[in-house]
Amino acid sequence: MKYAFYLGCIVPNRYPNIEKATRVTLPRLDIELEDMEGASCCPAPGVIKSFDRLTWLLLSARNLCIAEEMGLDILTLCNGCYATLKEANTVLAGNEKERRKINEMLSAIGRKFKGSIKVKHVAEVLYRDVGLDAIRSSVKRGLPIKVAAHYGCHILKPTDLREWNTVEHPTFLDEMIEATGASSVPYRNRMMCCGAGGGLRSGVLDVALDMLREKLENMRQVGAECIVDICPFCHLQFDAGQVQLEQKFKAVYNIPVVYYTQLLGLAMGLSESDVGLRMNRVAAASLLELEKR
Amino acid sequence: MSHLKREIITSSRINPELSRLLINSGIERIRACIQCGTCTASCPSTSRTAYRTRMLIRKILFGFKEEILASEDLWLCTTCYTCSERCPRKIEVTNAILLLRNLAVREGFMLGPHRDVAGYLIEHGHAVPIDEETKKKRERLELPTLPPTVHSFATALKEVQTLVKIAGFETLVKHGEKQR
């Protein structure tokens, strides 16, 4: 399986450890990644789509064109990029009027949207195409930890433009976590938003942090030893947000935040130089101690 | 204490223009709202702020356009889509909010930090561009200092900037003095 690897903004520009862990773990599951050279911001569905839908659609069409020219389906790590690229791809493929308008504009840079590829999230590829058995076979050391799974909103919603057919009670991430030997523990209101999306984190930080505090409180109550997410923007909210909660409101949680491919790398027996857990703001040293357990 | 004052809204104040605009833009079921409040009850913002989704829908139906577009409440939605998914009348509430935000920006209403984010996209092609700290982290991870995105290809950035201009985005987000 070969994919056009769409990086987005937050992974390469804030959490390159997620990029590294993904580049190292996926080939071990026979997934080849080819960079989408010159790709831009997706653009972000919460901010840019809120400001101007036309700009949002036009720039996402350009990103889709890059993958079309490579002749490969897109693999993205981010729920937001997934939302933008998948929705723009669906709109442009299905609506001739919009497609013609966008293609007229794209002709200025010599590109044309054809509608020849699919957009997939890494969780979709791992769960559906690679499968839990292959994940289990790749695991070298079981991880005896209690994990609070965070799906994030845009991997699941809106349901009419997604593939999971479930919104209140998904299980795929929990199953993927348990395939690494860790246990996924239920917590109160676990499908609640992290608070970062829709431009709330950049626009009205205190409200975004108050949502984060509620999520962390619910995770702490069940004794979660780490948070596992599949969206770098949720990841940033959980990781950098914990530092802000401490600075602004003296609320200390210290729950390490781990992106799924980092957890996978840890379970595959990879070293810190590949999973980069120490690069998160909330110290994840406790997880690296696992080797000694 | 203006919120304690009983306000009677008579039919003369109701303007169907805004709901008509939303219906024509794909929010076809907006008038099916029965004011049940499932949206408000599902919203992560309503449980910690004075924003109420149900009231927003009511204001849309009354056509209180200025009041809606000028209010910061419009920017409290995280676009989690829970209200849209749970609405028993299948109203696409989140998409309605996105549409209203587009209108607000056109009227010059935009939060300061959001204007900055728009500026990053225009200038760098990334809404979150690279910083010095991350460059160092990338090097330590033995990744190229700059990712293979617009950050590494000047021609690609030029393409993005050309499109941004064609779409009129630059003029749009820089116009207006109503910045809060």
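Student: Before we start, what should I keep in mind about the model and the numbering?

Tutor: The model is predicted, local features need pLDDT of at least 70, and side-chain atom pairs count only at pLDDT 80 or more, whereas totals for chains, interfaces and linings use all residues. Residues are numbered from 1 along each chain as its sequence is written, and chains are lettered from A and ligands numbered from 1 in the order in which they are written.

Student: OK, which strand order does the sheet with β1 of chain A have?

Tutor: That open sheet has four strands in the order β2-β1-β3-β4 of chain A, with parallel pairing; strands here are DSSP E runs of at least two residues, helices are H or I runs of at least four, both numbered from the N terminus, and two strands pair if DSSP finds at least two bridges between them. β2 and β4 (119-121) of chain A stand at the edges with a single partner strand each, so one side of each has no neighbour in the sheet. From one strand to the next the twist averages 40°, where axes are lines fitted to C-alpha atoms (for helices over the stretch in contact) and angles run from 0 to 180 degrees between N-to-C directions.

Student: And β1 itself, how many bridges join it to β2 of chain A?

Tutor: Four bridges join β1(A) to β2(A), which covers residues 32-35, and the two run parallel. Within that pairing A:Y3 stands opposite A:L33, and A:A4 stands opposite A:E34.

Student: What about β3 of chain A, how many bridges there?

Tutor: Three bridges join β1(A) to β3(A), residues 74-76, and these strands also run parallel, with A:T76 in β3(A) as the bridge partner of A:Y6.

Student: Is β1(A) mostly covered or mostly open?

Tutor: Strand β1(A), residues 2-6, is mostly covered, with four of its five residues buried. A residue is called buried if 20 or more other C-beta atoms lie within 10 Å of its own, exposed if 12 or fewer do, and partly exposed in between, with C-beta atoms placed from the backbone.

Student: Which helix lies across β1, β3 and β4 of chain A?

Tutor: Helix α5 of chain A, residues 79-94, lies across those three strands and runs at about 155° to β4(A).

Student: Why does A:H235 count as buried?

Tutor: A:H235, which is found in α12(A), residues 232-249, counts as buried because it has 31 C-beta neighbours inside 10 Å. Leaving aside neighbours within four places in sequence, A:H235 is in contact with A:Y15, A:D229, A:V257 and A:Y259, contact meaning that two C-beta atoms, placed from the backbone, lie within 7 Å.

Student: How do the axes of α11 and α12 of chain A cross?

Tutor: The axes of α11(A), residues 205-221, and α12(A) come within 10 Å and cross at roughly 105°. The two helices are therefore roughly perpendicular to each other; that label covers 65 to 115 degrees, while under 35 counts as roughly parallel, over 145 as roughly antiparallel, and the rest as oblique.

Student: Which residues of α11(A) meet α12(A)?

Tutor: A:L209, A:L212 and A:R213 of α11(A) meet A:Q237, A:F238, A:G241, A:Q244, A:L245 and A:K248 of α12(A). By class, this contact has four nonpolar, three polar and two charged residues, where Ala, Val, Leu, Ile, Met, Phe, Trp, Tyr, Cys and Pro count as nonpolar, Asp, Glu, Lys and Arg as charged, and the others, Gly among them, as polar.

Student: Last topic, how many residues of chain B are in contact with chain A?

Tutor: 50 residues of chain B are in contact with 55 residues of chain A. Helix α9(B) gives the most to the side of chain B that touches chain A, with seven residues, and the residues of that side divide into 32 nonpolar, twelve polar and six charged.
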